[in-house]
Amino acid sequence: MEQTKQQPQSILGLPLNELIHEFLKAGFSKLDAKRVFPWIHTKLTMSFDEMSDVPKQVRTNLPKFFSLDRPVCKILQESSDGTAKALLEFSDGNCVETVFIPDERRNTICISSQVGCLIGCKFCNTGTQQFRRNLTSSEIMAQIIYWIERQKHLGKSPITNIVFMGMGEPLLNSKNLFATLEILLSKKTYDFSRNKITISTSGIITEAITDLAKFGVKLAISLHAPNDKIRNELMPINKAYNIETLINAIKEYYSKTNRRVTIEYVMLKDVNDSLDDAKKLADLLKGLNVYVNLIPYNETNHIEFKKTDKNKILKFGAYLQEKNITVTIRKEFGSSIDAACGQLRSKEVER
Ligand code: SAH
Ligand code: SF4
């Protein structure tokens, strides 16, 4: 068995075929990997030594190569409505945020895919932070495991929904996103339903979106504007993938998955929230199989955008509904805990 001088590699985010590959490389057997895999994900075991069907000698050697370590929770903020937000620190000192949102019968968690974001949307806190790196699949999976373990520890109901709406652009880290999806959807582990997982993208229309369709999970597209003029100003990525490209991608996703795509539309005061904008949006979306999710803007200190008044959001939504477009208005959760994407990490970085 070859000895490693490197840091043990985290295996929280390795799908079974990759785990087998890494085990064989390190001199363990395929059977060892097959035995270890369910311990990681169904029993959430933190120590190899507890894996009683794995031979003792293997259990002793595994920690030299592999790790089941969790990230460190540096800050946990809890809101009176039950929303919680954690700042998790990985072994290299980089941190990401992840949020827990309980709502009637659902427990949704919001997961980050990158440290910072390259896309630089003008209204987004993460977009103002420097991009550091992609998260590994183990670091993505570690956020999910963090909330599953917390619910267990508190004796509360399990996580039901997962949204990739935290920090970063998931489709720019598609390899690691897909490894995570493979684990989450596997019958041998979490057996999550495709209906309960949503990937949100700023509109990166590459092969990654075609590959995502194969997983059949839900897709949300951050549109945020009724035309290219406004979208160019809010989201520089629109210069690479404009609205027409997005609309074609939405149609294609629907044809491949039979899933209605969610259009995310963050309501920004005097920027994209007039009735004329609603009219243009209705024209744009006419005949498409989509839902619109109107998002009340979460204001941040150092970004000048303001939120649209509640009444105006309701009117905007009512107009779309009149035009037979299905609309939901996102509830505002955790307003006391910096619940918008990237806010908590911004504060920690400033400190
Ligand atoms: N990068 C991906 C996913 C992460 S952002 C994307 O952009 O879709 C998830 C959603 O939160 C996006 O729709 C984004 O536009 C929105 N968002 C970002 N900052 C926000 C804020 N301050 N208030 C409300 N929504 C915000
Ligand atoms: Fe990145 Fe999404 Fe924020 Fe835009 S909204 S900067 S894509 S995290």
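I looked up Glu104 and found it exposed, with a relative accessible area of 75%; exposed means over 50%, against under 20% for buried and partly exposed in between (1.4 Å probe, protein chains only). The model is predicted, local features need pLDDT of at least 70, side-chain atom pairs count only at pLDDT 80 or more, and totals for chains, interfaces and linings use all residues. Residues are numbered from 1 along each chain as its sequence is written, chains are lettered from A and ligands numbered from 1 in the order written, and side-chain values use heavy atoms, with hydrogens and water left out.

I placed Glu104 in the loop between strand 5 (95–103) and strand 6 (106–110). Helices (H or I, at least four residues) and strands (E, at least two) are DSSP runs numbered from the N terminus. Glu104 is not a glycine, yet its phi is positive, about 50°. Most residues other than glycine have a negative phi.

I then checked Asp270, whose phi is also positive, near 60°. Asp270 sits in the loop between strand 12 (261–267) and helix 10 (275–285). Asp270 is exposed, at 62% relative accessible area.

Next I turned to a helix pair. Helix 7 (residues 207–215) and helix 9 (residues 243–257) pack at about 25°, their axes 9 Å apart; axes are lines fitted to C-alpha atoms over the stretch in contact, and angles run from 0 to 180 degrees between N-to-C directions. So helix 7 is roughly parallel to helix 9, a term for angles under 35 degrees. I noted the contact (heavy atoms within 4.5 Å): Ile209, Thr210, Leu212 and Ala213 of helix 7 meet Tyr253, Lys256 and Thr257 of helix 9.

Methods: Parallel < 35°, antiparallel > 145°, perpendicular 65-115°, else oblique.
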